[in-house]
Amino acid sequence: MTSAPVPLTPAQSAAKARRLGSWYFAEHTLRVMRTYAASVLMYSVGTPLAYLFAMGVGLAALIDANGAGAFGGVDYLTFLAPALVASAAMMSATGEFMFPIMDGFKWRRTFFGPHASPLAPAQIAQGHIIGVTIRILVPTAIYFAIVVLFGAAPGPWAWVSIFTATLCALSFGLPLMAYVSTLTKDSGQFAAVQRFIVTPLFLFSGTFFPLATLPWFLQWIGWLSPLWHATELGRVLSYGYAEPAWLGAVHVLYMLATAVAGAVLSRRIFTRRMGA
Amino acid sequence: MKPQLVWGNPLWDSKACTSLVRVSIQTRGSAASPYVISAHNLTKKYGDFTAVDNISFDIPAGESFGLLGPNGAGKSTTMRMIGGVSQRSGGTLSIMGLDPEKYGPEVRSHLGVVPQQDNLDEELKVRDNLIVYGRYFGLPLSYLKPKADELLEFAQLSEKAGAKVDDLSGGMKRRLTIARSLVNDPKILLLDEPTTGLDPQARHILWDRLFRLKEAGTTLVLTTHYMDEAEQLCDRIVVVDKGRIMAEGSPAALIRQYSTREVLEVRFGSERNATVAAELAGIGERTETLPDRVLIYTDDGERALEEVAARGLSPLTSLIRRSSLEDVFLRLTGRSLID
Ligand SMILES: Nc1ncnc2c1ncn2[C@@H]1O[C@H](COP(=O)(O)OP(=O)(O)OP(=O)(O)O)[C@@H](O)[C@H]1O
Ligand SMILES: [Mg+2]
């Protein structure tokens, strides 16, 4: 073979990998995502359009005609939009933190390739998290832009909800990633997560109606649900929904804490499982 | 200086790390030991089960070292410990003077690894698999792009550069995995059954490439089930069984030590082999009865065959051949290499 010599010594490679390894793996994750970027983009334009038309415009006309007071003085579309943005982010995170993890450990063992390189397992976990975070920010921003076009994000700080929605995705997705990285076979857990966790959260997190209208024995779902916290925050940011400051802090802290716990656990599980 | 190594810690001082590694390579790698890989009493347990049981070996730079053993002997487990991806349960291990458990990234940056099971990213294109992998070593795209093309040529996959890995045949994937292991121009190459799944032509081409790497000074550590491969490529072999080293030496020395010059193979049909074996006793130095044939170990195959005939036995077929590693293996483990 006659080519340029490797520009780095092994020690230099190792030093770079120690510093930037997570980003190298994120780069890989994003390259893989690029292979289905077109469908992600179509989905991220199509979903908001469909939801905003059907629920927002259609349903909202009906609801607003029958007494708008129920939604804190704003029209139904404005009330609904922050919830839709956050739940879309959460749902894309659900897929990205389940299937690629199973693929990496089990189906096609794609984590074990990089594991033989200077990367460490914890960096592979982190790299996946970074990649998915970027992957979620993009459609969430698109969703938000479409909400703006529908005139359903009146406040000057509404754009910040792009980030709170992404935080919601991580708050739900990272503990899920930790769980999935312990699985050694797929015996219906993924469908169960969708059916018994994601769907109820979507329906009962104060998404379509305020949490307070739920019977008291269902309200705990909201408190546990990252989606409720993100939706409430989104409403505060979008149209100045009045809420005590401490509650705002609880929303952020709850989502941060669950996301960080999920990330820390995932790193540990990756390290243990790959080093066996 | 005892730095604490934290993965991905942005505060980690790369300069300190680089110099530290250099220092330890100098003090332990070249000054204290001529070996690039040293394993002493290396042990791996999975729960109560001991997969690798107290094995020791030293591999000098440039040697081509083979691990031979039946399924489940512990070859891959050993390779994974050398590769710095599996934690050992006991013993010491040093690669380029470094303990892979403490200096994982430093050790792995010296290595090229072909795992037994391909783990390519099937969603990426063939060429992108090489580039992405090179990025893990911190290598810039300006180096990786021409390197990827060169490696594709090496693996005879140039026409497939833009194809998805999914669309490659099994042997092509294997070749791509081998190409991938060379992206960082490693000085040590770990090959776990590199040619399994390759057609004969691709195997011979790979042997040729490995031979050239060896000539250029690359240390090769490989496992294989193919005796001809081991005889062709390895300077030294250890035969492992049940996690232990049974024998060690060059292919020729092993054959000399554990087998006779020639082997007479006689077949009497699968029902009769076992019963006839008793009547063959005393011919040659030793006989080995396999389900499909009886092997008679002797220095003179012709004479042994005459003696078989003299005892009134007429085998359906007979064959005289030179002893091979296969026979060494059979002698040592009582089992055939390819189960
Ligand atoms: N992760 C694991 N957990 C439990 N046991 C394991 C694990 N990996 C390997 N083993 C066991 O360790 C033993 C050695 O396995 P190893 O893969 O090293 O064998 P090998 O010599 O490479 O065999 P083969 O020729 O089939 O590739 C086997 O009995 C295997 O079942
Ligand atoms: Mg093996």
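Predicted model: local features only at pLDDT ≥ 70, side-chain atom pairs only at ≥ 80, totals over all residues.
Entry 1. I found 52 residues of chain B in contact with 44 residues of chain A. I then looked up the area buried between chain B and chain A, which is about 4300 Å², with carbon and sulfur atoms giving 58% of it.

Entry 2. I turned to the polar side of the interface. Between chain B and chain A I counted three salt bridges. I noted one of the salt bridges, in which the side chains of Arg135(B) and Glu27(A) meet at 2.9 Å, N to O. I also recorded 18 residue pairs in polar contact across the interface. As to where the touching side of chain B comes from, I listed helix 1 (14–32), strand 1 (35–46), helix 3 (104–108), helix 4 (126–135) and helix 5 (141–154), each of which supplies at least two residues.

Entry 3. I next examined strand 7 of chain B, residues 219–224. Six of its six residues are buried, so the strand is largely enclosed by the rest of the structure. I saw that Thr219(B), Val221(B) and Thr223(B) point one way, while Leu220(B), Leu222(B) and Thr224(B) point the other way. In a regular strand, side chains alternate between the two faces of the sheet.

Entry 4. I looked up the neighbours of strand 7 in chain B. Strand 3 (residues 64–68) pairs with strand 7 in the parallel sense over five bridges, and Phe65(B) stands opposite Val221(B). Strand 6 (residues 188–192) also runs parallel to strand 7, joined by five bridges, and there Leu190(B) has Val221(B) as its bridge partner.

Key
Residues numbered from 1 in each chain as written. Chains lettered and ligands numbered in written order. Heavy atoms only, no water. Buried < 20%, exposed > 50% of the residue type's maximum accessible area, 1.4 Å probe, protein only. Helix = DSSP H or I, 4+ residues; strand = E, 2+ residues; numbered from the N terminus. Pairing = 2+ DSSP bridges. Contact = heavy atoms within 4.5 Å. Buried area = accessible area lost by both parts, 1.4 Å probe. Salt bridge = Lys/Arg side-chain N within 4 Å of Asp/Glu carboxyl O. Polar contact = N/O pair within 3.5 Å; in protein donor to acceptor, adjacent residues only side chain to side chain.
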